[in-house]
Amino acid sequence: MSVAVKKETGPTLIPFGPQHPVLPEPLHFDLLLEDEKVVGATPQLGYIHRGLELLCDKRDLADYVHVAERICGICSFMHGMGYCEAVERLFGVAVPDRARWLRTFWCELERIQSHLLWLGLAADALGFENLFMAAWRARELVVDVAEETAGGRVIFGSAIVGGVARDPDDETLRRCLAAMGPARDETLRLAEIMLRDATVVHRLARVGILSKEAAYRLGAVGPMLRASGHDYDVRRSGYAAYGEFDWNVIVEERGDCQARALVRLREIEESFAMLERIVARMPSGPVSVPVKGPPPPGESWMRVEQPRGEVLYYVRSNGTRQLQRFRVRTPTFANVPAMVEALKGASLADLPTIVLTIDPCISCTER
Amino acid sequence: MNEGYKLAGSGPMTMESIGPGDLLPRADALGKEGWRIVQILAVSLAEGVELSYAFGLAHELRILRFVAAPGSPVPSLTPVFPAAFLYENEIHDLFGVAIERIAVDWLGKTYDVAEPGRFDLMRLSLPSVEEGGR
């Protein structure tokens with residue numbers, strides 16, 4: 001005699017994070033699953049909020065650069081520089097040419113080390129330990145150059161209101177370029193592995209697709225937006241020295257994990273090429289101007305392209321040396337809704353890979 | 001905007017004061033023109049919380065602004081721009097602005113701040129041992 005057993009079926013709700021082997025920082029999702037397929041995801045942030053914005057009215061605006069740099073341990077220079085550029089626009093101060101070009105040099109250096117850091121983390125998430133170690137070994141050569149030129153490996157400490165605090169001579173910059181040659185060669189070798197290894201391709205291709213329309217509608221920024229076919233990069237607005245030499249915006253069309261990986265790997269190569277052009281055209285002269293007295297009452301909105309995408313700095317002055325308000329909208333903050341969209345329809349096993357190819361920075365996001 | 005007040009930016013931008021009731025129709029019109037939400041900003045002022053809705057199209061910014069009076073709720077932008085839910089949850093938790101019908105409402109738990117408004121260290125009290133404190 002056979003007995004028919006009627007199974008109760010329906011979506012299953014399971015938690016993902018905030019502590020998870022693949023997450024370097026805490027992030028939580030309530031995942032709605034049908035079998036192994038993700039049909040919905042609700043994100044939750046808020047585990048490492050530090051209240052850094054609130055410190056702006058307790059510090060002199062020149063000292064606050066030290067706080068701005070510590071919003072993130074990966075994009076520290078760009079946070080410091082973006083804040084400084086916002087304050088300088090409020091004052092109406094033009095920084096010297098050499099300072100603008102040095103800022104551009106350090107921005108691209110930071111982009112390379114951030115993307116190599118991402119490559120290592122992504123490889124680690126895929127279980128590819130050799131690739132992880134090789135990527136971070138190449139990154140060491142880049143952070144060595146950061147230390148030699150800016151003074152710090154993680155927190156550069158070289159952005160100041162009115163210019164930059166360090167002035168590496170041209171011979172040092174040329175020597176540093178040469179010292180990074182092996183890192184550039186190694187990156188090409190690692191990129192080939194990342195994009196051609198059958199196991200890696202199986203995990204990345206046609207996984208976590210974000211359509212062109214959804215990427216734009218949901219406010220995606222940076223490589224996540226460009227990997228879905230949008231030719232948009234804030235550096236085109238011409239801040240620092242970006243408007244004064246040729247470079248390419250890297251765009252891919254497929255919108256999957258592999259496209260996001262390819263955008264970042266090509267951006268590393270493009271940034272190495274940009275560093276050569278920057279050093280070749282580095283102007284001479286002073287690297288800072290004094291910025292004294294209180295700023296006028298007013299506000300300033302500054303957009304910068306970080307490794308993870310567009311970041312927006314807002315500063316507001318009430319006419320004193322302590323700012324009334326500072327706010328930073330980070331790229332991961334903008335990318336969370338698009339990340340949720342990319343998860344829909346994916347297999348549960350692919351979720352860590354999708355999250356890693358978005359390269360989230362929760363420390364930045366929660367400030 | 002007061003005379004002598006400076007507005008600076010890294011690209012072209014315009015700012016316009018609106019009423020809270022105008023927010024959704026204006027945002028809907030901007031969305032149809034291809035603008036997307038870039039940021040919702042809150043600033044504490046004596047008369048309330050100033051909310052600035054920044055929309056971006058390429059490198060241009062368009063900002064709609066109004067002051068939310070204490071105790072008066074404002075509409076959520078999520079029916080037009082679903083991505084606004086993060087900003088609105090944060091503003092609710094850190095500035096105490098009541099925002100109606102957020103698509104993904106974290107109900108005051110974004111940053112697990114004990115009370116809406118600014119964190120006040122001097123008003124913080126630790127739970128007793130009986131209540132589970134250690």
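**Entry 1: pairing in chain B**

Two strands pair if DSSP finds at least two bridges between them. I kept that rule beside me while I looked at strand E3 (residues 36-45) and strand E4 (residues 48-57) of chain B, which nine bridges join in the antiparallel sense. The model I am reading is predicted.

I picked out one bridge to see the pairing residue by residue. B:Gln39 has B:Ala54 as its bridge partner in E4(B).

Next I followed E4(B) onward. Nine bridges join E4(B) to strand E5 (residues 60-68) of chain B, and this pair runs antiparallel. Here I noted B:Phe55, which stands opposite B:Arg62 in E5(B). How many residues lie between E4(B) and E5(B) in their hairpin? I found two. I also checked the turn: B:Ala58 there has a positive phi of about 55°.

**Entry 2: the sheet as a whole**

I then asked about the order of the strands. They make an open sheet of four strands, E2-E5-E4-E3 of chain B, with mixed pairing. Which strands lie at the edges? They are strand E2 (13-17) and E3 of chain B, and each pairs on one side only. Neighbouring strands of this sheet are turned by 20° against each other on average, direction ignored.

I found it between E2(B) and E5(B), which run parallel and are joined by five bridges. One bridge there links B:Met15 to B:Ile63 in E5(B).

Helix H2 (residues 85-95) of chain B lies across E3 and E4 of chain B, and it runs at about 10° to E3(B).

**Entry 3: chain B in outline**

I stepped back to list the parts. Chain B has two helices and seven strands. From the N terminus on, I read the elements as β-β-α-β-β-β-β-α-β. Of the 134 residues of chain B, 34% count as buried. I also looked at contacts in chain B with a separation of 6 or more: residues 24 or more positions apart account for 46% of them.

**Entry 4: where the chains meet**

I turned to the interface. I found 32 residues of chain A in contact with 27 residues of chain B. Several elements of chain A give two or more residues to this side, including strand E3 (37-44), helix H2 (76-91) and helix H11 (331-343). Which element gives the largest share on the side of chain A? It is E6(A), with six residues. By class, the side of chain A that touches chain B divides into 14 nonpolar, nine polar and nine charged residues.

E6(A) came up again when I checked strands. It pairs with strand E1 (residues 6-9) of chain B in the parallel sense, over four bridges. I looked up one of the bridges: A:Gly298 has B:Lys6 in E1(B) as its partner.

**Entry 5: two helices of chain A**

I looked at how helix H3 (residues 97-125) and helix H4 (residues 129-150) of chain A pack. Their axes are 8 Å apart, at an angle of about 160°. Angles over 145 degrees count as roughly antiparallel, so H3(A) is roughly antiparallel to H4(A). H3(A) passes H4(A) in a left-handed crossing.

I noted some residues of the contact. Among them are A:Trp106, A:Leu109 and A:Ile112 of H3(A), and A:Phe132, A:Trp136 and A:Val142 of H4(A). I then sorted the contact by class: 17 residues are nonpolar, two polar and three charged.

I checked one peptide bond. From A:Gly17 to A:Pro18 it is cis, with omega near 5°. I placed A:Pro18 in the loop between strand E1 (12-16) and strand E2 (28-34) of chain A.

I also looked up positive phi values. A:Ala240, which is not a glycine, has phi near 50°. I found A:Ala240 in the loop between helix H9 (223-226) and helix H10 (257-280) of chain A. Is A:Ala240 buried or exposed? A:Ala240 is buried, because 24 other C-beta atoms lie within 10 Å, and the cut-off is 20 or more.

A:Asp359 has a positive phi of about 55°, although it is not a glycine. Its place is the loop between helix H12 (351-358) and helix H13 (362-366) of chain A. A:Asp359 has 26 other C-beta atoms within 10 Å, so I noted it as buried.

Notes
Residues are numbered from 1 along each chain as its sequence is written. Chains are lettered from A and ligands numbered from 1 in the order in which they are written. This is a predicted model: local features need pLDDT of at least 70, side-chain atom pairs count only at pLDDT 80 or more; totals for chains, interfaces and linings use all residues. Two residues are in contact if their C-beta atoms, placed from the backbone, lie within 7 Å. Ala, Val, Leu, Ile, Met, Phe, Trp, Tyr, Cys and Pro count as nonpolar, Asp, Glu, Lys and Arg as charged, and the others, Gly among them, as polar. Axes are lines fitted to C-alpha atoms, for helices over the stretch in contact, and angles run from 0 to 180 degrees between N-to-C directions. Angles under 35 degrees count as roughly parallel, over 145 as roughly antiparallel, 65 to 115 as roughly perpendicular and the rest as oblique. A crossing is left-handed if the near helix is turned anticlockwise from the far one by less than a right angle, and right-handed if clockwise. A residue is buried if 20 or more other C-beta atoms lie within 10 Å of its own, exposed if 12 or fewer, and partly exposed in between; C-beta atoms are placed from the backbone.
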